[in-house]
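Thanks for asking me to look this one over. My notes are below as numbered points, so please keep the model open beside you as you read.

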Amino acid sequence: MYYCEFQCLYVKNNHQLKIKGRDMMNIPMINLKAQYRKTKKDIMKNLTEILSEQRLILGKYCRLLEESISAYVGVPEAISCANGTDALILSLMALGIKEGDEVITTPYTFFATASSIALVGGRPVFVDVKEKDLNIDPELISRAITKKTKAIIIVHLFGRLCDMDEILKISKAHNIPVVEDMAQALGSGNANGKAGSFGDIAALSFYPTKNLGGIGEGGMVLTKRHDLGKKVRKLRVHGMGDTTYHHEMIGMNSRLDEIKAAALVAKFPFLEEWNRKRIDNAIFYNTNLKDLPLVLPEIPDDGSHIFHHYVVRTEKRDGLQSFLKEKGIQTGIYYPIPLHLQECFRYLGYRDGSFPISERAAKESLAIPVYPELKKTEKDYIVRMIRGYFKEHGL
């Protein structure tokens, strides 16, 4: 899913403010400055090399990044591209999705999941999510399949792996390819594999706020199918094959800059550590918030959730968010309007009430900081403020 979180890219210099004689922390949704301090030396070394040699497009660092992600996820094909949205579009183009084709997906996701379908001429067909984890409901996928269904896009929402066993059974039974939107899930997995290795093709985002985020936009297509990998490599450079200026198909310009790839190569060795710290932070929250009137995310013990976001649910969401903002704690709402109720998708014919779980989640979900650089004092403060809100309101 892809993933505009501009408000949380920066953190103010003054970490604590004195208000009414008491210390009030200032905690962002993500602290990119702290992350940069840890990786600055290697990033600058790589950037200096690139700028000195002036090899700026699809060079050494793009290859290194593709090889690293390919080996990590366990798929033979990894093709870098300009951003996560393009990764979805390229995936659908490689599958041959065309005008009038139906693609089943979830309405509770970032906009690009569905807009990519429309941009290649397809028709998004939404089905609701499960109450348990807010991921797409496999049972509802089966009911939505028609003769026009040409693909299924599943979303590993907030870093939680979908029920891939059931989804792949459906895919096999109906001979319908699966696209994994794993924009938030690099590193998530179970005993059967990692996100990106289950379906026919997968789309990854390196947006700065992701678990592996770059110094700008970036994306990647992953696939275990060599035919799709070969096609995507051509599609990302205007459909051009091995011979320059010979175009075998109509593609697009979606290449990852070497500078951005070099920063990702420097950050990649820390991904596992960062994901573990996110999980540890989630465990801390679940332990210390469990007696409050909140729906807390489940924490599987198999590594199938790497907490791109830690999302709680409450009917008091808006009040809690305002309270935390007053206390210096940034939060996020992902996502305030489910896609079937977006104005641009009105033509699909859905209405309020079509997908009740997604609609309720949009009204109740609140993400609190879970980034790996969070300090113990910050986590304690966040918990204390959340508990304070519910105590103040007699809940």
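1. Let's begin with one residue. Asn281 sits in helix H9, residues 271-289; helices here are DSSP runs of H or I with at least four residues, strands are runs of E with at least two, and both are numbered from the N terminus. Asn281 counts as buried, at 3% relative accessibility. Buried means under 20% relative accessible area, exposed means over 50%, and partly exposed lies in between, with a 1.4 Å probe and protein chains only. Leaving aside residues up to four places away in sequence, Asn281 touches Val370, Tyr371, Pro372, Leu374 and Lys379, where contact means heavy atoms within 4.5 Å.

2. A word on the source. This is a predicted model, in which local features need pLDDT of at least 70 and side-chain atom pairs count only at pLDDT 80 or more, while totals for chains, interfaces and linings use all residues. Residues are numbered from 1 along each chain as its sequence is written, and side-chain values use heavy atoms, with hydrogens and water left out.

3. Now the overall picture. The chain's secondary structure comes to 12 helices and 13 strands. The radius of gyration is 21 Å, close to the 21 Å that the globule rule gives for 395 residues, so the chain is as compact as a globular protein of that length. That radius is taken over C-alpha atoms, and the rule is 2.2 Å times the number of residues to the power 0.38. Along the principal axes, the C-alpha atoms fill a box of roughly 70 × 55 × 40 Å.

4. How much of the chain is buried? Buried residues make up 58% of the 395 residues. The chain exposes about 17,500 Å², with carbon and sulfur atoms supplying 51% of it; the areas come from the Shrake-Rupley method with a 1.4 Å probe, and for residues only the protein chains shown count as cover. Of the contacts between residues at least 6 apart in sequence, 71% join residues at least 24 apart.

5. The sheet deserves a look. Seen in order, S3-S11-S10-S7-S6-S4-S5 form an open sheet of 7 strands with mixed pairing; two strands pair if DSSP finds at least two bridges between them. S3 (77-81) and S5 stand at the edges with a single partner strand each, so one side of each has no neighbour in the sheet. From one strand to the next, the twist averages 25 degrees. S4 and S5 run parallel and are joined by 4 bridges, and Val103 has Pro124 in S5 as its bridge partner. Helix H3 packs on the sheet, touching S3, S6, S7, S10 (201-205) and S11 (219-223), and its direction makes about 165 degrees with that of S10. Axes are lines fitted to C-alpha atoms, for helices over the stretch in contact, and angles run from 0 to 180 degrees between N-to-C directions.

6. Helix H4 (residues 112-119) is mostly covered, with 6 of its 8 residues buried. Those buried residues are Ala112, Thr113, Ala114, Ser115, Ser116 and Ile117. Their cover includes helix H3 (84-94) and strands S4 (102-105), S5 (123-126), S6 (149-155) and S7 (178-181). Gly121 follows H4 and has a positive phi, near 100 degrees.

7. Some backbone geometry is worth checking. Most residues other than glycine have a negative phi, and most peptide bonds are trans. Gln54, in the loop between helix H1 (32-53) and helix H2 (60-73), has a positive phi of about 55 degrees. Phe158 has a positive phi near 60 degrees; this residue lies in the loop between S6 and helix H6 (164-174) and is buried at 5% relative accessibility. A cis peptide bond joins Tyr334 and Tyr335, with omega about 10 degrees, and Tyr335 is in the loop between helix H10 (317-326) and helix H11 (356-364).

8. A disulfide is a pair of cysteine sulfur atoms within 2.5 Å, and a search of the whole structure finds 0 of them. Cys62 is buried at 2% relative accessibility, whereas Cys344 is partly exposed at 43%.

9. Finally, a surface residue. Lys41 belongs to helix H1 and is exposed, with a relative accessible area of 74%. Its C-alpha atom is separated by 30 Å from that of Asp86, 45 residues apart along the chain.
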